[in-house]
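Biologist: I would like to learn how to read a model like this one. Please put it up and take me through some features.

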Amino acid sequence: MGDHVPDLLKVLLPHLSRVVVDSVVRLGGTVRIAARCTLPNAPCPACGTVSERVHSRYVRRLADTAVGAQAIAIDLLVRRFACGNTVCTKRTFAEQVDRLTFRYGRRTVTLQRLLERLALDLGGQAGSRMAEHLAVPISASTLLRQIHRLEVPGVPAVEVLGVDEFAFRRGRTFGTILIDMHTRRPVDVLPDHTSDTFAAWLREHPHVKLICRDRGGSFADGAQRALPGVPQVADRWHLLDNLATAVERAVRRHRGCLRPLQPPVPDSEPAPETSAQQRVRDRWAEIRALRERGLQIQTISARLGLDRKTVRRYYHAAQVDSLLHIRIGGSSVLDPYKTYLTARWEEGCDNAENLREEIHARGYRGGRKTVRRFLNSLAERRGPVRGPQPPLKVGDVVRCIVGRPENQSETARQNLKDLCDRCEHTQQVSRLARDFTAMLRRREGHRLTDWLTRADDSQIKELQTFANGLRKDLAAVTAGLTLHWNSGPVEGNVTRIIMWNQKSQPGALFQESPSCY
């Protein structure tokens, strides 16, 4: 080992500066550092008496933070001192190294703080996966025990308080989380979500000057009883969610208008001439030319190799159209049903068997092949079948109305415009809802009273119910639409609690209480 290795270790591992490093070896994927303590004395942890009398020595193995993606293990030779205080409860005690060891610890102070940080920020399973990347493997249960050993910090003086409820057990036991909105960190957890418990906590912390909450009534009542003069701010996300629910009910009530108007069926174009019709036309022209030259039926029949009856029919036909009708058109048992079949084909039905059954109930006695040939002729003349345009989905309409306009696709905006053109009810709902969302996003709370009046005049009962709910909490709603404070940090902490508990303790699920909506 080079002479400068100990100095390098003290630079990379400054917590080893108070001990003497004897050796550094690599065993497998772990770097083992042998060190020993050299301080002449140590204070007793019970009485504080400094002792110099060594009782015994032993080796402590400490895990340390990784260096160069390699795990570090420190074999530290420590001494046990005998306490010289005769009234002390301890006979002997082990010496501790500042910033390196702590009592009963099998890790260094640096590693212990790192694991505590991982446990607090990520929880059990996620923290365990991150620890593997840091080359300090540890189980999820051990990480959770680090949290349980930490002392609960005192509640600081919170001026802006965020409050929300969540479920310790889904649908059974609910609690309340309190957040410092300045630091966005939890300050306390209450055992239930009643107004009495919340009011009692506020009385013990009268320094609160503003309360951010959801639309739940228990927190509003508790805050009003404990701190009647403190402003309350309703969460904007819950306001938007309540509006979306009202808009969905209003749109669903007129869901018959969600089906787009089908474009008119274009007039049938004349069918292109078939090869058989072209042969009839060519043969009529040829026989007509021979007739004009003065040839008789018998001669023409012999020259062209045709039957005399066939030649006679062409010979006496003044126009070729009569021959086409006799040769190709004819009458068919399908003729009375062609209009119905064409209409059903335009609607998107091209199954010959199903259509045969439909017209069979109307009196058709032909076969499926006749229907299939007619459908094939329609496909040749008009192209592939185009089914009817599906109706709009209620959820898509609501998202287009309530969502940000810049996030909507051109198709969604056009569909909403077409829907509003054919449904005056939806047009009023869209206009009022978009005005409210614009007021919410721009924080123009001074317009709320005018909007409530317009909602009442609209005669849309879903928005009237929504407006009545806003009036019951008018001061908090106005503050939510005016101030920049919002319950986003509260919701984020509730979500983190849910995710942490689901990953760390799957048997005890946390869930946000549905009453807050």
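Biologist: Which residue in E10 does Ile179 stand opposite?

Modeller: Ile179 stands opposite Pro186 in E10. First, the ground rules. This is a predicted model, where local features need pLDDT of at least 70 and side-chain atom pairs count only at pLDDT 80 or more, while totals for chains, interfaces and linings use all residues. Residues are numbered from 1 along each chain as its sequence is written, and side-chain values use heavy atoms, leaving out hydrogens and water.

Biologist: How many bridges join E9 to E10?

Modeller: Two strands pair if DSSP finds at least two bridges between them. Strands (E, at least two residues) and helices (H or I, at least four) are DSSP runs, numbered from the N terminus. Strand E9 (residues 173–180) and strand E10 (residues 185–190) are joined by five bridges and run antiparallel. Their hairpin has four residues between the strands, and Arg184 there takes a positive phi near 60 degrees.

Biologist: In which sense does E2 pair with E1, and in which with E6?

Modeller: Strand E1 (residues 19–27) pairs with strand E2 (residues 30–37) in the antiparallel sense, over eight bridges. Val24 has Ile33 of E2 as its bridge partner. Gly28, in the hairpin of E1 and E2, has a positive phi near 65 degrees. E2 also pairs with strand E6 (residues 70–82), in the parallel sense, over seven bridges. There Val31 stands opposite Ile72.

Biologist: What is the angle between H2 and H4?

Modeller: Two packed helices are described by the angle between their axes and the distance between the axes. Helix H2 (residues 109–122) and helix H4 (residues 140–149) pack at about 95 degrees, with axes 9 Å apart. That makes H2 roughly perpendicular to H4 (the class for 65 to 115 degrees). Contact means heavy atoms within 4.5 Å. On the H2 side, Gln112, Leu115, Glu116, Ala119 and Leu120 make the contact; on the H4 side, Leu143, Gln146 and Ile147 do.

Biologist: Which residues of H17 are buried?

Modeller: Buried means under 20% relative accessible area, with a 1.4 Å probe and protein chains only. In H17 the buried residues include His425, Val429, Leu432, Phe436 and Leu440. Among the elements covering the buried residues of H17 are helix H7 (236–253) and helix H19 (461–472). Just after H17, Arg443 has a positive phi of about 55 degrees.

Biologist: And which residues are buried in H3?

Modeller: In helix H3 (residues 124–133) they are Gly124, Ala126, Gly127, Ser128 and Ala131. Ala135 follows H3, with a positive phi near 60 degrees.

Note on methods: Buried means under 20% relative accessible area, exposed over 50%, partly exposed in between (1.4 Å probe, protein chains only). Axes are lines fitted to C-alpha atoms, for helices over the stretch in contact, and angles run from 0 to 180 degrees between N-to-C directions. Angles under 35 degrees count as roughly parallel, over 145 as roughly antiparallel, 65 to 115 as roughly perpendicular and the rest as oblique.
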